[in-house]
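Dear colleague,

Please find below the structure that I am handing over to you.

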Amino acid sequence: MGRGRAKAKQTKVARQLKYYTPETDLSALERELHKASETDREDTSQFNGDDYDDYGKWAAGER
């Protein structure tokens, strides 16, 4: 005896989580996505291929 109360509590919490719908701030989401796309462009401009060249030399046994 004793599992009934715990199972009921777990069921209640699971149901609350399943049907919980928080308010969505779409403007904040838009700002976040816009900011992420700007940082992606900056990261590609700073790409340095030397690291990959060093690995290629090491893999080929030249190093």
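Leu 29 is partly exposed, as its relative accessible area is 41%. That value falls in between the two limits, since buried means under 20% and exposed means over 50%. Please bear in mind that the model is a predicted one.

Where in the chain does Leu 29 lie? Leu 29 belongs to helix α2, which covers residues 26-45.

**The chain as a whole**

The protein chain contains 3 helices and 0 strands. Read from the N terminus on, its elements follow the order α-α-α.

How much of the chain counts as buried? Of its 63 residues, 0% do. The accessible surface of the protein chain amounts to about 6,500 Å², and carbon and sulfur atoms account for 52% of this surface.

**Confidence in the prediction**

For the protein chain, the mean pLDDT is 80, and 75% of the residues reach 70 or more. Which element has the highest mean pLDDT, and which the lowest? Helix α1 (residues 3-19) has the highest, at 94, whereas helix α3 (residues 50-60) has the lowest, at 72.

Yours sincerely,

A colleague

How values were computed. Residues numbered from 1 in each chain as written. Predicted model: local features only at pLDDT ≥ 70, side-chain atom pairs only at ≥ 80, totals over all residues. Heavy atoms only, no water. Helix = DSSP H or I, 4+ residues; strand = E, 2+ residues; numbered from the N terminus. Buried < 20%, exposed > 50% of the residue type's maximum accessible area, 1.4 Å probe, protein only. Areas by Shrake-Rupley, 256 points an atom, 1.4 Å probe, with all protein chains shown as cover. pLDDT = per-residue confidence, 0-100.
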